Amino acid sequence: MKLHGPHKNLFRLFLLHNTQGTQAEFLFRTETQSEKLRWISALAMPREELDLLECRDSPQVQCLRAYKPRENDELALEKADVVMVTQQSSDGWLEGMRLSDGERGWFPVQQVEFISNAEVRAQNLKEAQRVKTAKLQLVQQQT
């Protein structure tokens, strides 16, 4: 549960069952919004796989220079990687999924530029879906 208002960067965590069999509630505070969003992402239920063709309105970015992750939840980037943005913090971090392989993670906005052309974004999604389908077919043929 995200909290808003004068107490920025606060969030509550509810655990449904603890050792006593009851609900436990914890309140956390982080220094930055990106830290809060990263904790929420890490603690959330696993996400369903995205249908790329339904993500036409999602922002995309292209990597301008390589980025080496410093934390486990960060995404390694190579120059020219295309990433679909799933979350954006107010302090300069983006969360996204690299279209070439579906890997997810956080990265600094300084490493990328937003792709403004809607046709280019649609083509990127079609190509990623084509590659994903081909990989699935290859796996099925090998089994």
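Strands here are DSSP runs of E, at least two residues, numbered from the N terminus. With that settled, I opened the model, which is a predicted one.

**Entry: E95.** I looked up E95 and found it in strand β5, residues 93-98. Is E95 buried or exposed? E95 has 6% relative accessibility, and because the cut-off for buried is under 20%, E95 counts as buried. I then checked its side chain and noted a polar contact of 3.4 Å with the side chain of S41. Beyond four places in sequence, the contacts of E95 include R47, M84, T86, Q87 and W106, as well as S41.

**Entry: the cores.** Next I turned to the largest nonpolar core, which has 13 residues. Which members touch the most others? They are V61, L77, V83, L94, F107 and V112. I traced the core back to the strands: β3 (60-63), β4 (82-88), β5 and β6 (104-108) each supply at least two of its residues.

**Entry: cysteines.** I looked at C55 again and read 10% relative accessibility, so C55 counts as buried. C63 is buried too, at 3%. My disulfide search returned a count of 0.

**Entry: the annotated span.** The unreviewed UniProt entry carries the annotation "domain: SH3" for residues 56-117. I checked that span in the model: it is 0% helix and 40% strand, and its end C-alpha atoms lie 11 Å apart.

Methods
Residues numbered from 1 in each chain as written. Predicted model: local features only at pLDDT ≥ 70, side-chain atom pairs only at ≥ 80, totals over all residues. Heavy atoms only, no water. Disulfide = S-S within 2.5 Å. Buried < 20%, exposed > 50% of the residue type's maximum accessible area, 1.4 Å probe, protein only. UniProt positions renumbered as here; feature names shortened; annotations may be inferred. Helix = DSSP H or I, 4+ residues; strand = E, 2+ residues; numbered from the N terminus. Polar contact = N/O pair within 3.5 Å; in protein donor to acceptor, adjacent residues only side chain to side chain. Contact = heavy atoms within 4.5 Å. Core = buried A, V, L, I, M, F, W, Y, C linked by side-chain atoms within 4.5 Å.
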